[in-house]
Amino acid sequence: MNNKPARLYVVVPCYNEEAVLPETAKRLDAFLNGLISEGEIAPDSRVMWVDDGSRDRTWELIDALCDENERFEGLKLAHNAGHQNALWAGMTEAADKCDALVSIDADLQDDINAMRGFLKEYYAGADIVYGVRSKREKDTFFKRFTAEAFYKGMAKMGVETVFNHADYRLLSRRALNELLKYTEVNLFLRGMVPTLGFKTAKVYYERGERLAGESKYPLRKMLAFAMQGVTSFSIKPIRMVTAVGFVFAAAAILAALYTLISHIAGHAVAGWTSTMLSIWLIGGVQLMALGMIGEYVGKIYMEVKRRPRFIVETYKAKTPSND
């Protein structure tokens, strides 16, 4: 059991969030100060803003926040690396500084008060605490249907995820350090964290509306994110191609029997037999071959890509010289 107040870092990935940042900073600062005064977290707990190559005034606001308040630290990535990579950058920077880390989006749709539940479970011994949406009544039918289809589809593909959990979670320092040992550059944290195997807990909450601005996850990005999750953690789609190849190969055998019988019976048009045999047989063999090659390519793809996940351009924190 953890009794000493934890030094908590809250990592907040930001991409074009100038509309929400001032209010988000105000709420997080007040919330952390409240936790400190109650003895729930250590006085040197921090919020780590990660600017993911924003094109608006996001970094300018983060820079000013860090000058004004020692509670805030900032990272500016050299280019837009994507939400998962921005989150990874913040976790990497905070790993040696914190006892526990919470990741949350800048729009604060995720209820910050759920962090009290996170800390309760952490002090009770959990290394990983998932923030889980209790219901989706405010979502449109399409959003609710696609979200549920995503989680169920991932499960069928063999990817272990937590239903209705996004990237709002707490990680202990031990869990965080183990997670950072993962070397893949195609990140899908919702699938990676459950593989750690430490003691876990769930805290349920209701998700609210965005404070301001527009969602950074339109349908196109959601589909790409789902594809990233499947291809990063499962080779079942490749195996499905292999299975289709066998089906077509079997169909080719049946087609061969049919065309031979038609030829013997004298019902075949000249050249039809050889054409049908070629199309079905070669097509089936090609699909099987592609599927088998894909098995190896998929494994290589998942193991050997080692491009940098992100490049940090600037780190910012208040220093005594700023006082």
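My entries follow, from the overall picture to single residues.

**Ground rules.** I am working with a predicted model, in which local features need pLDDT of at least 70, side-chain atom pairs count only at pLDDT 80 or more, and totals for chains, interfaces and linings use all residues. Residues are numbered from 1 along each chain as its sequence is written, and side-chain values use heavy atoms, with hydrogens and water left out.

**Overview.** I looked up the secondary structure and found ten helices and eight strands in the protein chain; these are DSSP runs numbered from the N terminus, helices being H or I with at least four residues and strands E with at least two. Of the 323 residues, 45% are buried, where buried means under 20% relative accessible area, exposed over 50% and partly exposed in between (1.4 Å probe, protein chains only). The chain exposes about 16,600 Å², 60% of it supplied by carbon and sulfur atoms; areas come from the Shrake-Rupley method with a 1.4 Å probe, and for residues only the protein chains shown count as cover. I also checked contacts (heavy atoms within 4.5 Å): among those with a separation of 6 or more, 83% join residues 24 or more positions apart.

**Cores.** Which residues have the most contacts inside the largest nonpolar core? I found Val12, Trp49, Met115 and Phe118, in a core of 41 residues. A core here is a set of buried Ala, Val, Leu, Ile, Met, Phe, Trp, Tyr and Cys residues joined through side-chain atoms within 4.5 Å. Elements giving two or more residues to this core include strand S1 (8-14), strand S2 (46-51) and helix H4 (114-123). H1 gives the most, with seven residues. Apart from this core lies another, of 29 residues, among them Ala95, Leu176, Leu179 and Leu196. Going back to Met115, I set aside its neighbours within four places in sequence and found contacts with Val10, Leu28, Phe31, Val102, Ile104 and Tyr168.

**Salt bridges.** I counted 16, taking a side-chain nitrogen of Lys or Arg within 4 Å of a carboxyl oxygen of Asp or Glu. Glu18 and Arg57 meet at 3.9 Å, N to O. Glu18 is in the loop between S1 and H1 and Arg57 in the loop between S2 and H2, so the pair ties together parts 39 residues apart in sequence. Arg116 pairs with Glu38, their closest N and O atoms being 2.6 Å apart. This pair links helix H4 to the loop between H1 and S2, 78 residues apart. I then looked at Lys97 and Glu73, which meet at 3.2 Å, N to O. Lys97 is in the loop between helix H3 (83-94) and S4, and Glu73 in strand S3 (residues 72-77). Is Glu73 buried or exposed? I have Glu73 down as buried, at 6% relative accessibility, and Lys97 as partly exposed at 22%.

**Positive phi.** Leu108 has phi near 55 degrees and lies in the loop between S4 and H4. Because its relative accessible area is 9%, Leu108 counts as buried. Asn164 has phi near 65 degrees and is found in the loop between helix H5 (141-156) and S6. With a relative accessible area of 11%, Asn164 is buried.

**Helix H1.** Ser37 lies in this helix and is exposed at 62% relative accessibility. A polar atom of the Ser37 side chain lies 2.7 Å from the backbone oxygen of Gly34.

Note on methods. A polar contact is a pair of N or O atoms within 3.5 Å; within protein, one must be able to donate a hydrogen and the other to accept it, and residues adjacent in sequence count only if both atoms are side-chain atoms.
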